[in-house]
Amino acid sequence: MEKPVHVFNELFLQLGLPNDGDAIEAFIKAHSPLPERVRIADAPFWTTAQAAFLREKLAEDADWAELVDQLSAALR
């Protein structure tokens, strides 16, 4: 069985954020640049639940992890 494949805007939906292109662009612009020394899940703009989701998915190396990495790169 194949793992489900998610797209970038679905990550925003999972995080409870608006997930249309303009909203994603605005989010990235508002929170960039994220310093290299700050792990994505430790960024100060996440809620506790959002940070926990990011940490969990990265720790599990879940199918979401690739998208979390893409978000991290976009914020830098």
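Mentor: The discussion below sets computed values against their criteria, and the model under discussion is a predicted one.

Trainee: What makes up the secondary structure of the chain?

Mentor: The chain comes to four helices and zero strands. Read from the N terminus, the elements run α-α-α-α.

Trainee: How do you know whether the radius of gyration agrees with that of a compact globule?

Mentor: For 76 residues, a compact globule would have a radius of gyration near 11 Å; the chain has 12 Å, and therefore the two agree. Along the principal axes, the C-alpha atoms fill a box of roughly 40 × 25 × 20 Å. Of the residues, 36% count as buried. Among contacts with a separation of 6 or more, 60% join residues 24 or more positions apart.

Trainee: How do you know that the length of helix H3 agrees with its number of residues?

Mentor: Helix H3 covers residues 48–59, which is twelve residues. At 1.5 Å a residue they should span 16 Å, and the end C-alpha atoms are 16 Å apart, so expectation and model agree.

Trainee: Why is Gln-50 called buried?

Mentor: The cut-off for buried is under 20% relative accessible area. Gln-50 has 9% relative accessibility and therefore counts as buried. Gln-50 lies in helix H3. Beyond its neighbours within four places in sequence, Gln-50 is in contact with Leu-15, Leu-17 and Phe-45.

Trainee: Which residues of H3 are buried, and why are they said to line one face?

Mentor: They are Gln-50, Ala-51, Phe-53, Leu-54 and Lys-57. Seen down the axis of H3, the buried residues fall within an arc of 160 degrees, so they line one face of the helix. The face turned away from that buried side carries the exposed residues Thr-48, Ala-49 and Ala-59. Cover for the buried residues of H3 includes helix H1 (8–14) and helix H4 (65–75).

Trainee: Which residues of H4 are buried, and what covers them?

Mentor: The buried residues of H4 are Ala-65, Leu-67, Val-68, Leu-71, Ser-72 and Leu-75. Viewed down the axis of H4, they fall within an arc of 160 degrees, and so they line one face. On the other side of H4, Glu-66 and Ala-73 are exposed. Their buried counterparts in H4 have cover that includes H1, H2 and H3.

Trainee: What makes a set of residues a nonpolar core, and how many residues has the largest one?

Mentor: The criterion is that buried nonpolar residues be joined through side-chain atoms within 4.5 Å. The largest such core has 21 residues; those with the most contacts inside it are Leu-11, Leu-15, Ile-40, Trp-46, Leu-54 and Leu-71. H1, H2, H3 and H4 are the elements that give two or more residues to this core. The largest share, four residues, comes from H4. As for Leu-11, it touches Phe-53, Trp-64, Leu-67, Val-68 and Leu-71, residues up to four places away in sequence being left out.

Trainee: Where is the cis peptide bond, and which residue just after H3 takes a positive phi?

Mentor: The bond from Ser-32 to Pro-33 is cis, with omega near -5 degrees. Pro-33 is placed in the loop between helix H2 (21–31) and H3. The residue with a positive phi, of about 50 degrees, is Asp-61. Most residues other than glycine have a negative phi, and most peptide bonds are trans.

Definitions and conventions: Residues are numbered from 1 along each chain as its sequence is written. This is a predicted model: local features need pLDDT of at least 70, side-chain atom pairs count only at pLDDT 80 or more; totals for chains, interfaces and linings use all residues. Side-chain values use heavy atoms; hydrogens and water are left out. The expected span of a helix is 1.5 Å times one less than its number of residues. Buried means under 20% relative accessible area, exposed over 50%, partly exposed in between (1.4 Å probe, protein chains only). The arc is that of the directions from the helix axis to the C-beta atoms. Contact means heavy atoms within 4.5 Å. The radius of gyration is taken over C-alpha atoms; the globule rule is 2.2 Å times the number of residues to the power 0.38.
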